[in-house]
Amino acid sequence: MSEITLAELEKRYGDTFAVEDVSVTIEDGELLCLLGPSGSGKSTTLRMIAGLETPTDGEIRIGDDDVTDRPAYERTTSTVFQDWALFPHKTVLENVAFGLKMRDVAKDERRERAREMLDRVEMGGYGDQDPTNLSGGQKQRVALARSLAVEPDVLLLDEPLSNLDKRLSEDMQIELREIHEDVETTFVHVTHDQDEAFTLADRIGIMADGELVQVGAPDEVYENP
Ligand code: ADP
Ligand code: ADP
């Protein structure tokens with residue numbers, strides 16, 4: 001768990017402001033949804049928190065650390081992307097254990113923690129399978145388990161449910177909410193889907209044209225869209 005502070009965050013590409021003057025504090029253990037149409041700057045904001053893009057101005061703090069100029073691998077964040085990006089030549093269990101291997105966790109412990117995470121996302125029976133055989137929803141559960149296995153302070157989710165059909169997406173929203181309560185990690189979840197944001201979020205940050213135009217609890221932003 002960790003509080004995230006974005007202070008006057010900016011990302012410019014040439015003359016285009018992808019993100020402009022975004023300031024917000026995301027509380028420890030909170031689930032914040034960034035909601036807005038395509039091109040409004042949600043993904044760029046998330047990628048800057050992850051360390052995958054460098055801000056052109058402003059500051060990012062995670063807990064007490066100023067991470068603005070730190071590379072992704074020095075941050076305590078973990079990211080789930082829209083296209084699950086599992087390794088096709090590794091088993092499901094090896095996929096989930098991969099991040100732990102990178103962090104030099106011993107083999108037995110890696111397998112135990114990976115199994116635990118697979119159970120948590122209800123994929124306990126699939127450890128030995130090839131991920132290419134899984135359905136979209138199952139792949140996204142495995143990707144989620146892989147990101148959570150390293151016990152990040154912050155989980156960043158970039159449209160993780162957008163490639164699933166509506167029914168499955170709705171089921172996964174409820175599961176994500178339960179997993180969030182279970183792991184006590186700060187989640188920042190990007191979506192263009194209003195219903196998804198209202199189901200999931202503790203607070204919603206509404207983005208438009210690169211700016212964060214409103215932040216509040218779902219019932220507050222709903223009153224005043
Ligand atoms: P969203 O996630 O809300 O769809 P993005 O953060 O992807 O929005 O993009 C915000 C704006 O920044 C868009 O106008 C997009 O075209 C632009 N943009 C994003 N990445 C780049 C890039 N690498 N180079 C140039 N423009 C970019
Ligand atoms: P999203 O809306 O989910 O961010 P996009 O299709 O807008 O997805 O962007 C996909 C990738 O293309 C991102 O890495 C983004 O940085 C890059 N990108 C987006 N817009 C531009 C652009 N105008 N010029 C160059 N790269 C871009």
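Start at the largest pocket: select Thr77, Ser78, Thr79, Arg103 and Ser147, which lie nearest its centre among 21 lining residues. A pocket here is an open set of points on a 1 Å grid over the protein atoms alone, where a 1.4 Å probe fits, with protein on both sides within 12 Å along at least five of seven lines; lining residues have an atom within 4 Å of a point.

This is a predicted model, in which local features need pLDDT of at least 70 and side-chain atom pairs count only at pLDDT 80 or more, while totals for chains, interfaces and linings use all residues. Residues are numbered from 1 along each chain as its sequence is written, chains are lettered from A and ligands numbered from 1 in the order written, and side-chain values use heavy atoms, without hydrogens and water.

Next, colour β6 (77–80), α2 (92–102) and α4 (136–149), each of which supplies at least two lining residues. Helices (H or I, at least four residues) and strands (E, at least two) are DSSP runs, numbered from the N terminus. β6 gives the most, four residues.

Now move to the open sheet, where four antiparallel strands follow the order β2-β1-β4-β5. Strands pair if DSSP finds at least two bridges between them. At the edges, β2 (16–26) and β5 (65–66) each pair on one side only. Select β1 (residues 4–13): seven bridges join it to β2.

Finish with helix α1 (residues 42–50), which lies across β1, β2 and β4 (57–62), at about 120° to β1. Contact means heavy atoms within 4.5 Å; axes are lines fitted to C-alpha atoms, for helices over the stretch in contact, with angles from 0 to 180 degrees between N-to-C directions.
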